[in-house]
Amino acid sequence: MKPFEALDFLNLDSELSDDERMIRDTVRSFVSKEVIPYVGEWYDKGQFPKHLIPAFAEMGTLGATIQGYGCAGASYTAYGIIMREIERGDSGLRSFVSVQGALCMYPIYAFGSEEQKQKYLPEMAKGNLIGCFGLTEPDFGSNPSGMRTTARKDGDHYVLNGSKMWITNGTIADLAIVWAKAEDGKVNGFIVEKGDPGFSARDIEKKFSLRVSMTSELILENCRIPASRRLNVTGLKGPFACLNMARYGIAWGALGASMACYDEAVNYAKTRVQFEKPIASHQLVQAKLVEMLSDITHGQLLMFRVGRMKDLGQETAQMISLGKMKNVSNALKHARMTRDILGASGITFEYQCGRHMLNLESVNTYEGTEDIHRLILGESITGIPAYR
Ligand code: TGC
Ligand code: FAD
């Protein structure tokens, strides 16, 4: 297979610091050597490659932006680059790293007590403890405010009841951040540990998407946990703050999937001969390649700008929504276009576009569907929330 050539039409990577470039090269080379040759087989078998966790930890990708607690303390731009490079390999692997860092380590870092941070963060950075994030329920996806999971205070304990659905890393997690309504109806976050009485997880089988990532249901039946495991945040702004972090990473990650597809499409089009010449010589094929190049370049510009603003603490949730909405829907389009350019070959595991295409169907739905982000942006333009 031809070595990966990353599309960087505007030479934006020249804006990276030496440290950021080193992180990019480390993760890119890891993905080329340890992911790309094997990921088709893991996908086919529906296996999460657990053996990669120590390497993800070694490269500093777990909770990469957290200062201290054994974490890398990287810039947000570096974190975005990490997500881009990992998702070039597979969205399911980026999901694993996103959930561990943005959705489990981040809430502990942002809302946890010092004792909670010391207990969990260093072990999570090393990959010795795995986390998951339970917000969605069977009947409440786009609208988490309706959640039915409850947390009742009982002396120095809380008792949790309910279920969480579509939870990445659920069955491999040692701890879950579970969002539940307290008796006053306000949403609170809790750290639930594997082995807590009344807590169980089971995998959702037979998925056609994100097959190298575990997706699970969490069940809480009179699950009793110490009151000290509550996070110090009340209301939906708690989970939404975590989603800002994860959505930011996804907006970068989708660029990686697009870049993988673009590279595959260009290589194939230049070598596949029909009507006595390479298909790349036809205007209709070139138009598709140009559309991909144009979208990717716009997406890269957007995320470099949002990344640098985030490094200065100046980004907004709406900017992140724009990146999540546009870069993921474009990546899905690019995977489909590449699949088309590859003809029948595009449906096999020998190539990446089919796997990216099926993965991106999930990425377009999770962390706020494409249309939910459209409505978030609509509200920011008009001042009118059109969700309800
Ligand atoms: P709303 O009334 O607008 O807000 C409630 C409170 O939250 C605050 N808030 C935010 N805070 C921080 N960041 C944001 N982005 C925020 N958005 C809102 C808001 O200020 C308010 O605070 P306060 O103090 O006044 O109480 O809430 P709403 O229920 O009307 O929200 C509407 C909507 C549609 C935007 C929201 O429900 C939404 O984003 N829905 C999408 C749900 C979603 O994204 N779920 C993701 C689940 S996790 C997941 O998918 C992980 S996949 C991981 C992987 O595998 O990679
Ligand atoms: P619904 O909310 O039922 O939406 C269905 C359709 O209706 C969508 O097209 C949506 O855009 C549309 N719609 C809904 N409301 C409106 C509206 N007001 N206006 C217009 N259209 C609307 N959740 C977690 O908490 N943790 C995880 O780790 C996690 N991992 C996931 C992993 C995978 C592989 C998947 C697929 C999902 C995961 N999720 C996770 C859940 C994910 O966040 C939800 O699937 C997502 O928020 C959408 O919810 P839903 O599937 O219930 O769809």
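The dialogue below explains how to read several features of this predicted model.

Me: How many aromatic pairs are found in the whole structure?

Reply: Rings of Phe, Tyr and Trp (its six-membered ring) pair if their centres lie within 6.5 Å; planes under 30 degrees apart count as stacked, over 60 as edge-to-face and the rest as tilted. The search of the whole structure gives 13 aromatic pairs. One of them is F48 with F96, a tilted pair with 5.0 Å from centre to centre and 40° between the planes. This pair links distant parts of the chain, 48 residues apart: F48 is in the loop between α1 (18-45) and α2 (53-58), and F96 is in helix α4 (residues 91-111). Helices (H or I, at least four residues) and strands (E, at least two) are DSSP runs, numbered from the N terminus.

Me: Are F48 and F96 buried or exposed?

Reply: Buried means under 20% relative accessible area, exposed over 50%, and partly exposed in between (1.4 Å probe, protein chains only). Both F48 and F96 are buried. A second pair, Y268 with Y351, is edge-to-face, with 5.8 Å between centres and 85° between the planes. Here too the pair links distant parts of the chain: Y268 belongs to helix α6 (residues 237-271), Y351 to the loop between α8 (317-341) and α9 (353-365), and they are 83 residues apart. Y268 counts as buried because its relative accessibility is 11%, whereas Y351, at 22%, counts as partly exposed. Ring pairs also join F30, F48, F56 and F96 into a cluster.

Me: Which charged residue sits over the ring of Y248?

Reply: A charge sits over a ring if NZ of Lys or CZ of Arg is within 6 Å of the ring centre and within 35 degrees of the ring normal. The charged end of K310 is placed in this way over Y248, 5.7 Å from the ring centre. Likewise, R88 lies over the face of F4, at 4.0 Å from the ring centre.

Me: Where is E217 found, and which residues is it in contact with?

Reply: Contact means heavy atoms within 4.5 Å. E217 is in strand β7 (residues 215-226), and is buried because its relative accessible area is 16%. Beyond its neighbours within four places in sequence, E217 is in contact with several residues, including S163, K164, S200 and R202. S200 itself is in strand β6 (residues 199-203) and, at 33% relative accessibility, counts as partly exposed. Not counting residues up to four places away in sequence, S200 touches E217, L218 and I219. S200 and L220 are 20 residues apart in sequence, and their C-alpha atoms are 6.8 Å apart in space.

Me: How many residues surround ligand 1?

Reply: A residue is near a molecule if one of its heavy atoms lies within 4 Å of it. Ligand 1 is surrounded by 28 residues, the closest being S95, S142, T168, N244 and R247. A polar contact is a pair of N or O atoms within 3.5 Å. An oxygen atom of ligand 1 is 2.9 Å from a polar backbone atom of E367, and an oxygen atom of ligand 1 is 3.2 Å from an N or O atom in the side chain of R94. Taken alone, ligand 1 exposes 1,100 Å², of which the protein buries 71%; accessible areas come from the Shrake-Rupley method with a 1.4 Å probe.

Me: Which residues are closest to ligand 2?

Reply: Among the 18 residues that surround ligand 2, the closest are F133, T136, S142, W166 and T369. An oxygen atom of ligand 2 is 2.6 Å from an N or O atom in the side chain of S142, and a nitrogen atom of ligand 2 is 2.9 Å from a polar side-chain atom of T168. Taken alone, ligand 2 exposes 970 Å², and the protein buries 67% of that.

Conventions
Residues numbered from 1 in each chain as written. Chains lettered and ligands numbered in written order. Predicted model: local features only at pLDDT ≥ 70, side-chain atom pairs only at ≥ 80, totals over all residues. Heavy atoms only, no water. Polar contact = N/O pair within 3.5 Å; in protein donor to acceptor, adjacent residues only side chain to side chain.
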